[in-house]
Amino acid sequence: MESLMLRRFDSIKDCGIFENFRWNSAVPDFERLNLIYGANGAGKTSLSRAIDGLRSENGGFTKVSTRMSNADKSNDRQSNQAHDTEFERIFVFSDGYVARSHDFGGDTEVEAVLTLGERTVEDEKRINELSGLIETAIGELTNAAKASRDADKALDDEHTTIARGVVTALGRAGGEYRSNGSYSKGTVKTCFAGSRTAWTLLSGKDKDTALATVNSDERQTVATKSHSLAIRAELPGEAALALTTSPVSVVLDTLKEHEEASSWVESGRHIHKGLTECIFCGGDLTEDRKKQIEQHFSDEVEEAQWTTDALIREIKTAQASLQSLLGDGAIAGSLFDDLREGFKIAHADAKTQSDELGKWLKGLLAALEKKRANVVARVEYDLIEAPAVDGSKIEQALKDHNDRVSEHATLVQQAAKKVELHLLKEFETKVTKLEEKAKEATGAKGDLEETLTKYREEVAALENVEGDPLPSADVMAKELTRILGRNELSFELLPDGKHYRVTRYGQPARDLSTGERTAITLIHFLENVKRANAHSGKPIVVIDDPVSSLDSGAAMGISTYIWSETISKDHIQQVFLQTHNFELFRQWDIQIGLLPGKRGSSHKSYPSNCYELIAPHQDVNGTKKRVPAFIVWPPNEDTRLKVRSSYHHAFITAARAHAALVLDSSMEKKLDALLLYPNVLRRMLETFLAFKSPTSVGNFTNAMRDIGATLEDLGYTGDADALRLQLTRFTHANSHAESPETDVAVNPDEVGAVIAAVFTFMNAVDQQHFEGLCEVIGVEPSDLLLEAQPVMDLVEEIEEV
């Protein structure tokens, strides 16, 4: 069953200042990651002790009622001041943990993270039995691991073979196929893990065609024209009629006997018009003879001659077109390889048709020329149907080539994808068998590992030992170096096997610094958490003020280490970090915002909430007491975006106290301000003055004097000396008090005026800066300033106190 998370504390009683605590239902429940900020005295230590008491044997759970649920908010239940097995998973790092687990007094020993336990006789027998089972399981696991590795390697080798085959076949296509760097065994593995529905085996012809496209060079377009020729449909009929037509005329006896002279006489009659003597023979050319010649060459004869001439011209034109129709076919060399053969066949077929048409035209032309020589004579000629030249296949081949040239890159990739899917399909059966074999081998190995783990866990439980302490010693030394940035400290296991000696450069370490002590105990704590019994569920970890009184370097190292161990890793179910250090709180808030996904409870992997623990004074049965309460932080998202430094936070804190006093000047509010804000005011003024007077850094009084000397020049119209004196005396008197009590040194009635005086001073020194801070938190600057009411009166009152 899934282990539970802490969601809220319904009630806490008699735990420090948590005397009678009740959860505010308006406050959101705890999530996996919970960041809690609280000033000193707000109750963080009391809270951590209350949580720590939940798993203690002295019945600390009777003081606390918790609400718990699963990660998805199901299985909700309350503890109702009773013990719950889920409490065994709670680990609290606090002053109580340090006191229980470590002693840094007169020596340097630290309790070992892991301790040895005792074994019963029955346990010994079972341990011996388990030892034999473990030895057998180890041998079987060794064989199973080898079988699994071999199966994985066989599958991996097959993926590599396929990838190389694809690249070898399709490398010229470029893109992902260009090399095994881009098309690798990983690519093949991904292909087999996805859908295979598009995989298809190609026929040999289709595969060759696709490969030819892939391997084809970039080509140029070729010129296109018509490669078809057909004789006019009416031409054969017109020719047949012309050959057999005999025009009506008076045939000269001479020409009848000499037909070959007909064309000569016909052309000569035109040049003898008006002559009486033949220019050829010199004989008489009588009118009767001219009339006989004209009758021989009548209009019908001329029409027959014209028709025959037209047919002859048409045939000669067709012969000329036929001559240039097909060319020699050399253009085939410019075509894509797979189109070339088809073009040659089409060209040969068309050439045969061209030869037949040429022969037909030649025969008909001879007959017509014979007819033309003597149009009155009939010419017998066996005229067959005119053949035609069909060049459509040639034209289509040229068109396909040109289309392919314009789409070459696309066609190459399409062809390559077909071949790739074909190759994957070819190997599918073999790869599937290898996958099944690898899966079976991995499953067998996993089963043995699980069995071996169970055996070992049982042995560990019987021995009451969570592991060997030696590795933890190494881990603590390594982590301490990582946190502190130096490796002078190390850990040495003592002969009793239960304690470590902390050494510096090989010698027992003396006078460990606060940072070193904190780092050592924190490493010890988180190693304990890491080795918690996993059977009861992942741990719930509470860390209280881990960087208290540390320098910034050590604090940053510890913060980073906590984040790495509790957030970056996955062995902890729920984390609570409490701190009074606003810089740590701010840094973690920023880091939470940088986690992948949406911040807050809706985050799938890192649901989180941020809180502020406050303890305002309230009247409890007639006594003013601090009463702790959780409030949501930030009050709005604008505050989260704007508060990015402790200086901003101090200003907001002081402004919030001032606003509370304006709305309610009761003693409770005055005590709250007096308890929480003198330190805040001083830190805020020190930061402000550090930028205004860098040379006075470290000397608060001098800085106040230097700035005070310029107040008149800056336009301050009040009593500058009185204002400076008031602030200096107040902050010196109250800024570093260690006691949280409210009855020391200061009259509560003064605190509101002093806060306003601080704001008045900042406004006088740098009005633009002050107004900018006010704009960040959304308040009117004038609402924070002293009224013109006299500062000297206030100073005198302070001096009287």
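In the protein chain, residues 24 or more positions apart account for 75% of the contacts with a separation of 6 or more, where contact means heavy atoms within 4.5 Å. This is a predicted model: local features need pLDDT of at least 70, side-chain atom pairs count only at pLDDT 80 or more, and totals for chains, interfaces and linings use all residues. Residues are numbered from 1 along each chain as its sequence is written, and side-chain values use heavy atoms, with hydrogens and water left out.

**The chain as a whole**

- The protein chain holds 26 helices and 16 strands; helices (H or I, at least four residues) and strands (E, at least two) are DSSP runs, numbered from the N terminus.
- Of its 801 residues, 44% count as buried. Here buried means under 20% relative accessible area, exposed over 50%, and partly exposed in between (1.4 Å probe, protein chains only).

**The six-stranded sheet**

- Let's start with an open sheet of 6 strands, in the order E6-E11-E12-E3-E13-E16 and with mixed pairing. Two strands pair if DSSP finds at least two bridges between them.
- Strand E6 (90–93) and E16 are the edge strands, each pairing on one side only.
- From one strand to the next, the twist averages 20°. Axes are lines fitted to C-alpha atoms, for helices over the stretch in contact, and angles run from 0 to 180 degrees between N-to-C directions.
- H17 packs on this sheet and touches strand E3 (33–38), E12 and strand E13 (608–614). The direction of H17 makes about 155° with that of E3.

**Strand E12 and its partners**

- Strand E11 (residues 540–544) and strand E12 (residues 574–579) run parallel and are joined by 5 bridges.
- Along that pairing, Ile 540 stands opposite Gln 574, and Asp 544 has Gln 578 as its bridge partner.
- E3 also runs parallel to E12, again with 5 bridges; there, Asn 34 has Phe 576 as its bridge partner.
- As background, side chains in a regular strand alternate between the two faces of the sheet.
- How many of the residues of E12 are buried? The count is 6 of its 6 residues.
- Both faces of E12 are covered, with Gln 574, Phe 576 and Gln 578 buried on one side and Val 575, Leu 577 and Thr 579 buried on the other.

- Helix H1 (residues 44–52) is largely enclosed by the rest of the structure, because 7 of its 9 residues are buried.
- Those buried residues of H1 are Lys 44, Ser 46, Leu 47, Ser 48, Ala 50, Ile 51 and Asp 52.
- Helix H19 (residues 646–663) has 18 residues and reaches 26 Å from its first C-alpha to its last, close to the 26 Å expected at 1.5 Å a residue. That expected span is 1.5 Å times one less than the number of residues.
- The buried residues of H19 include Tyr 647, His 649, Phe 651, His 658 and Leu 661.

**Aromatic rings**

- A search of the whole structure finds 22 aromatic pairs. Rings of Phe, Tyr and Trp (its six-membered ring) pair if their centres lie within 6.5 Å; planes under 30 degrees apart count as stacked, over 60 as edge-to-face and the rest as tilted.
- One of the pairs is Phe 582 with Trp 633, edge-to-face at 6.4 Å centre to centre and 75° between the planes.
- This pair links distant parts of the chain, 51 residues apart: Phe 582 is in helix H17 (residues 582–594), and Trp 633 is in the loop between strand E16 (629–632) and helix H18 (637–642).
- Both Phe 582 and Trp 633 are buried.
- Ring pairs also link a cluster made of Phe 9, Phe 18, Phe 21, Trp 23, Phe 30, Phe 576, Tyr 611 and Phe 630.
- Arg 404 lies over the face of Phe 336, at 5.1 Å from the ring centre. A charge counts as over a ring if NZ of Lys or CZ of Arg is within 6 Å of the ring centre and within 35 degrees of the ring normal.

**Backbone details in loops**

- Trp 633 and Pro 634 are joined by a cis peptide bond, with omega about -5°. Pro 634 sits in the loop between E16 and H18.
- Asn 75 is not a glycine, yet has a positive phi of about 55°. It is found in the loop between strand E4 (64–69) and strand E5 (77–78).
- Asn 75 counts as partly exposed because its relative accessibility is 34%.
- Asn 621, also not a glycine, has a positive phi near 55° and is found in the loop between strand E14 (617–620) and strand E15 (623–626).
- Is Asn 621 buried or exposed? With a relative accessible area of 78%, Asn 621 is exposed.
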